[in-house]
2 protein chains.
Amino acid sequence: MTKFDDATQAIKVDDTTYDVCLDAGYTIGTALNGGYLMAVLLRAVVDASPHDHPVATSAQFLRVARPGPATVRLERIRSGRTTTVTRASLVQDGTPFVEAFVTTANLRPYEPGAEPEPGELTWSAPAPPMPPIEECRPLPAPRPESNMPFNSQVELLFDPPTIGWYKGTPTGRPEMRAYFRLAEPQDPDPFVIALAVDALPPVVFSAGARGWAPTVELTWYLRALPAPGWLTVIGSGSLIAEGWFDENVEVRDSAGRLVAQSRQLARLGRG
Amino acid sequence: MTKFDDATQAIKVDDTTYDVCLDAGYTIGTALNGGYLMAVLLRAVVDASPHDHPVATSAQFLRVARPGPATVRLERIRSGRTTTVTRASLVQDGTPFVEAFVTTANLRPYEPGAEPEPGELTWSAPAPPMPPIEECRPLPAPRPESNMPFNSQVELLFDPPTIGWYKGTPTGRPEMRAYFRLAEPQDPDPFVIALAVDALPPVVFSAGARGWAPTVELTWYLRALPAPGWLTVIGSGSLIAEGWFDENVEVRDSAGRLVAQSRQLARLGRG
């Protein structure tokens, strides 16, 4: 079992209750990373579902969750032949911190060079341009006093202009692009992708914003099971207004296939 | 009261229960339109919320709802200074048909030429290209036997290539672009926008698909209160695979401002 698998473990208590232990290693400042919290929730949802893969997850981030024991409560909303819909709540001391609806279904296993079935309609938008990985760069390690253990769980190699903000030269547009993998040797799976969709620094840093940007709502779709290797994580935004911004993230696998799409609504940080 | 306001009315029974009557006029084939169902749900949510505007709505479409009496059940999840999060369920005969999380907040009233506050960070992606309204065209009226009363509630004037599928010449890409307004004289508001984000024919019709394409999950963000006049509704998709597709819809107001963003995950129709 990898460290990530261990840190996202959900232990079944009964059909609607799972015990989890939120790992301080996924903290950014004083808050646990939202993608990590979704991965924990999804472990419980998938374990309890007759379908294998979380194809749609809509999460409401209500309060800042802290490391330590917590409970995932499940409510089966509907289960049919193709999909199961579950409400999942992450609860600490009787208070919900994350509330989500999750649709599970079955996706095909990844097979290199697999062809669609005869008569099957398929179409994909081209992959956005991304420099080769050799030209991409990590952010400098955070200062120890900034308490960013999350940063050592993942490897992010950025398209250099999108981290210009770090040196005081933001691009002026909400954008952030990087190659992503876990720091430990582990190929991507749906839980790693849950982490990937919320692993970038806020896209608004490239538009000149600073400070913690709390996610209010995040919905992501798992569109295919990923090929082994690096993921590419392309973040962008459409509007910054009235203290709100949106962050779109497209995740491609090492074969260039679109494997996940995410959009979140978040608040601009203060200061 | 306009016909739309009347058809989406929610009558308060108590703090967590509203009576509604689902109007057969918003039917497409045998199903009620999903945007109409969201508008009905949102009437109840907004009435019960201390905040005025539904900034984030994540809806799970569980079953095909039929015209007639129904109930909206509300559960207040959290309410703070900036936002309120509510779970809303649309129930017929004790069975949920739509389940949603809705975040309400307060947006600024529309003011022509309004400037951001001093020091406020704002940014907007440019509006996608759209031909002038004089060059756009409606779809031919549906045959009476196809039972499409929804089509007479709204006016949709399409960018002509995006309805080429109707004459057997689809563009080959998932896309659909139109000007939108209610058929009766009524300026857009958040409830009209709920209708607008799911009013286009499925974007996959332009990629060669036909048949009813059931929405599984739809999340939309209200980003600003709209200027009076026509809305522009720009639909696109990123991936059609394994029988699933995504549909992105961007809604702009008559002043060209981005007022809403929507994404849905849906199933390809059969046949």
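I started with chain B and found a hairpin that joins E1(B) to E2(B) through two residues. My labels follow DSSP runs numbered from the N terminus, with strands (E) of at least two residues and helices (H or I) of at least four.

Some housekeeping: this is a predicted model, where local features need pLDDT of at least 70 and side-chain atom pairs count only at pLDDT 80 or more, while totals for chains, interfaces and linings use all residues. Residues are numbered from 1 along each chain as its sequence is written, chains are lettered from A in the order in which they are written, and side-chain values use heavy atoms, leaving out hydrogens and water.

**Entry 1: strands in chain B**

I looked up how E1 (residues 10-14) and E2 (residues 17-22) of chain B pair, and they run antiparallel with four bridges. Strands count as paired if DSSP finds at least two bridges between them. B:Asp14 has B:Thr17 in E2(B) as its bridge partner.

Next I followed E2(B) to strand E6 (residues 68-79) of chain B; that pairing is antiparallel too, over six bridges. There, B:Asp19 sits opposite B:Thr71 of E6(B).

**Entry 2: a pairing across chains**

I then checked strand E9 (residues 123-124) of chain A, and two bridges join it to strand E14 (residues 239-241) of chain B, running antiparallel. A:Ser124 is partnered with B:Leu239 of E14(B).

**Entry 3: the interface**

How many residues does the contact take from chain A and chain B? I got 59 residues from chain A and 59 residues from chain B, with contact meaning heavy atoms within 4.5 Å.

The two chains bury about 5100 Å² between them, and 58% of that is on carbon and sulfur atoms. Buried area here is the accessible area (1.4 Å probe) that two parts lose on being put together, summed over both. In chain A, the residues that lose the most area to chain B are A:Trp123, A:Arg223 and A:Glu242, together 16% of what that side buries.

I counted four salt bridges between chain A and chain B; the rule wants a side-chain nitrogen of Lys or Arg within 4 Å of a carboxyl oxygen of Asp or Glu. I looked up the one where the side chains of B:Arg87 and A:Glu75 meet, at 2.9 Å, N to O. On the chain A side, strand E16 (residues 258-267) gives the largest share of what touches chain B, seven residues.
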